[in-house]
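Here is a set of questions about how terms are applied to a structure. Each answer sets a value against a definition.

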2 protein chains.
Amino acid sequence: MSSSMAPGNSPTMRDVAAHAAVSPMTVSRTLRGDPRVSPEMRERVLASVEALRYRRNDLARGLRTGRSSGLLGLVVTNLSNPFYSELALGVESLASAGGMRVVIGNTGGDLDRERQLVDDMASRRVDGIIVVPAGNDHSHLDPAALHGLPVVLATRPPSGQDIDCVVVDDFGGSRRATAALVAQGHHRIGFLGLGRSLWTGAERLRGHCAALEEAGLAVEDALLRSVAPDAGAAETLALELLGRDDPPTALFAANNRNTVGAYRAIAETGSFAALAGFDDLPLADLFAAPISVVTYDTGEVGRRAAELLLERIAGEQQPAHPRIVTIGTTLKRYQPLRGPASG
Amino acid sequence: MSSSMAPGNSPTMRDVAAHAAVSPMTVSRTLRGDPRVSPEMRERVLASVEALRYRRNDLARGLRTGRSSGLLGLVVTNLSNPFYSELALGVESLASAGGMRVVIGNTGGDLDRERQLVDDMASRRVDGIIVVPAGNDHSHLDPAALHGLPVVLATRPPSGQDIDCVVVDDFGGSRRATAALVAQGHHRIGFLGLGRSLWTGAERLRGHCAALEEAGLAVEDALLRSVAPDAGAAETLALELLGRDDPPTALFAANNRNTVGAYRAIAETGSFAALAGFDDLPLADLFAAPISVVTYDTGEVGRRAAELLLERIAGEQQPAHPRIVTIGTTLKRYQPLRGPASG
DNA sequence: CTGTTAGCGCGTTCAG
DNA sequence: CTGAACGCGCTAACAG
């Protein structure tokens with residue numbers, strides 16, 4: 001009765017062993033399913049385990065076995081964004097399938113916070129980390145700088161380091177969306193972009209321009225705008241574009257926030273401009289006006305990232321070169337609901 | 001040079017000590033900020049730490065100090081639901097503020113999975129668990145059955161056990177929404193509920209009925225429907241209600257899925273029925289028709305839950321009785337955007 | 001089949 | 001101010 005049953009103190013193997021009048025080793029073996037334990041012993045031990053509601057300490061176990069924590073780190077910029085929560089679900093499902101758990105960290109887009117989160121997770125001896133980088137400096141994410149701790153970047157490619165990554169086909173998706181607008185007869189298309197410093201922003205702009213050029217259309221700088229990540233900023237810029245003497249007949253927005261802003265601008269001005277945007281807008285078929293969006297399987301991003309990570313973790317032979325997985329996109333058209341009144 | 005620098009093997013304190021030609025103890029003290037270390041020693045140690053990119057093993061540290069893992073468990077039914085991801089963000093923000101990390105687990109609504117997740121987290125020695133219970137059996141969530149491990153239930157009250165919880169004012173929110181419909185002149189209101197077995201479903205029904213009764217209106221069983229958690233099921237039931245000889249002039253939907261189904265049904269039939277629903281529908285001002293929703297601060301649910309949990313964890317004296325925190329609701333009206341065309 | 005010894009990486013305790 | 005011994009909870013490696 002040395003260290004037992006104080007409220008809040010879990011019993012140890014020794015407590016169980018004492019209760020069952022066996023050695024701790026027998027308890028250990030029983031709990032690990034070692035076959036060389038006689039049925040009677042096994043029964044006696046299990047009875048004591050139940051009686052004491054004993055639960056093996058995975059931390060101590062991991063320390064001894066050398067096997068690490070069974071934890072995957074997941075560092076995202078904004079968990080409340082449905083995009084990242086679906087990604088998180090994708091990661092969780094694969095992790096769980098491998099008996100691992102996921103530790104999350106939210107950076108809020110702050111690079112320093114990202115650094116300290118990664119550091120903290122490394123100290124907790126997670127088996128690997130999936131990161132949606134907040135900035136362009138990825139030096140602290142290089143496995144080489146982390147004693148070989150596997151890292152996978154999600155939705156952004158590494159900048160200079162050898163790191164696995166899963167990215168969305170930003171270029172192709174934007175190209176297709178713009179091409180569709182062109183096919184509908186639009187020759188002047190306003191573009192509401194992200195900062196060009198973001199890889200994702202640059203790619204989406206590139207795709208947009210590529211589609212224009214392939215259609216033999218000029219890329220007018222006056223129609224290309226960059227939007228800060230603010231809420232109403234996109235709306236303001238869209239209003240500006242639509243208010244020009246020679247307004248565009250269509251808008252392409254480089255992410256969901258921009259798309260919403262553009263939609264509001266169009267609705268407010270009563271413009272008939274067509275609208276397309278990157279990222280899905282789940283209930284857009286309930287909107288008053290039609291809209292096209294570039295969608296992709298967000299959960300798949302998480303699953304593939306987890307896959308790459310788990311391969312590295314389990315990996316006997318490590319791939320020499322970092323791998324890049326690209327998730328494809330689909331152009332989806334949302335048409336307003338029509339009641340029988342109009343049919 | 002015994003256990004050092006194999007790729008994938010982190011250095012230990014001994015490695016650092018060897019590198020700095022001091023005893024491991026000096027390294028330990030330096031890293032913990034123990035003042036009784038001479039500046040020169042301190043420098044030498046820190047230099048070696050940097051050189052080896054050493055990172056202290058928090059697992060081993062926790063084992064020795066007795067302080068637990070610094071981990072909070074968060075078990076939800078469906079992470080991809082924006083509701084729970086905001087809740088998760090709320091939990092994460094408070095946990096981070098206290099230097100803790102969050103381990104997530106997704107049950108998919110499966111009670112067995114919930115049990116094994118809680119079990120697993122207990123084995124990992126998390127300091128506390130926040131659970132959105134998948135069912136009505138909470139016996140495995142009772143701290144008494146978990147050696148005093150603190151537990152907080154989110155969005156559902158405990159059923160029989162002494163467990164802290166944070167719930168939404170489901171009753172009040174529903175009552176207010178229905179009262180608003182009544183005030184608009186609606187006397188026959190269809191109700192699209194959840195199963196009555198869910199606490200949340202029962203409360204929302206109760207609130208709806210209370211509002212009717214307070215207005216002196218009869219509660220017609222024929223207008224009360226229960227909807228399975230399927231996607232289109234709510235739509236089907238709503239169509240049924242609207243197709244009656246004596247259809248309701250308004251619908252109240254008990255959650256966001258039901259609201260969407262009801263909205264679709266109304267749009268399809270060209271009905272003029274008014275619509276209100278529990279849970280926010282973020283971009284509903286872009287919808288073609290107006291709609292009222294009962295909203296509440298989802299992040300606040302997570303933050304308050306984390307607060308209760310952290311209090312229990314830090315707690316010198318434990319509150320004898322379980323605590324219930326109720327999060328208030330707001331009735332929010334979404335009006336379709338109006339361009340100057342109609343003004 | 002079971003028990004004993006030793007040690008995972010670290011920190012407390014007590015000597016120097 | 002620094003180091004040596006011991007132990008956190010658990011499990012390999014070796015006895016018996």
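The questions below take up the DNA surfaces, one histidine and the strands of chain B.

Q: How do you know which residues and atoms count here?
A: This is a predicted model, in which local features need pLDDT of at least 70, side-chain atom pairs count only at pLDDT 80 or more, and totals for chains, interfaces and linings use all residues. Residues are numbered from 1 along each chain as its sequence is written, chains are lettered from A and ligands numbered from 1 in the order in which they are written, and side-chain values use heavy atoms, with hydrogens and water left out.

Q: What makes a residue part of the surroundings of DNA strand D, and how many residues surround it?
A: A residue is near a strand if one of its heavy atoms lies within 4 Å of it. For DNA strand D, 23 residues surround it, and the closest are A:Met13, A:Tyr54, A:Arg61, B:Thr26 and B:Arg29. Sugar and phosphate supply 65% of the atoms of DNA strand D that come within 4 Å of the protein.

Q: What makes the approach of A:Met13 to DNA strand D a polar contact?
A: A polar contact is a pair of N or O atoms within 3.5 Å; within protein, one must be able to donate a hydrogen and the other to accept it, and residues adjacent in sequence count only if both atoms are side-chain atoms. A polar backbone atom of A:Met13 is 2.5 Å from a phosphate oxygen of DNA strand D, so the pair falls within the limit. B:Arg64 uses a polar side-chain atom, 3.1 Å from a base nitrogen of DNA strand D.

Q: Which element gives the most to the surface near DNA strand D?
A: Helix 4 of chain A does, with four residues. Helices (H or I, at least four residues) and strands (E, at least two) are DSSP runs, numbered from the N terminus.

Q: How do the residues near DNA strand D divide by type?
A: They are eight nonpolar, seven polar and eight charged. Here Ala, Val, Leu, Ile, Met, Phe, Trp, Tyr, Cys and Pro count as nonpolar, Asp, Glu, Lys and Arg as charged, and the others, Gly among them, as polar.

Q: What do polar side-chain atoms of arginines reach on DNA strand C?
A: A:Arg29 lies 2.7 Å from a base nitrogen. B:Arg61 lies 2.4 Å from a phosphate oxygen. B:Arg64 lies 2.5 Å from a base nitrogen. Helix 4 of chain B gives the largest share of the surface near DNA strand C, four residues.

Q: Why is A:His147 called buried?
A: Buried means under 20% relative accessible area, exposed over 50%, partly exposed in between (1.4 Å probe, protein chains only). A:His147 has 18% relative accessibility, so it counts as buried. A:His147 sits in the loop between strand 3 (128–131) and strand 4 (151–154) of chain A. Its side chain reaches the backbone oxygen of B:Leu52 at 3.2 Å.

Q: What makes strand 5 of chain B mostly covered?
A: Five of the five residues in strand 5 (residues 164–168) are buried. B:Asp164, B:Val166 and B:Val168 lie on one side, B:Cys165 and B:Val167 on the other.

Q: How do you know that strand 5 of chain B pairs with strand 4 of chain B?
A: Two strands pair if DSSP finds at least two bridges between them. Strand 4 (residues 151–154) and strand 5 of chain B share three bridges, in the parallel sense. B:Val152 has B:Asp164 as its bridge partner. Strand 11 (residues 324–327) of chain B also runs parallel to strand 5, joined by four bridges, and B:Cys165 has B:Ile324 as its partner there.

Q: Why are strand 7 and strand 12 of chain B at the edges?
A: The open sheet of six strands has the order 7-6-8-9-10-12 in chain B, with mixed pairing. Strand 7 (224–226) and strand 12 (330–334) each have a single partner strand, so one side of each is left without a neighbour in the sheet.
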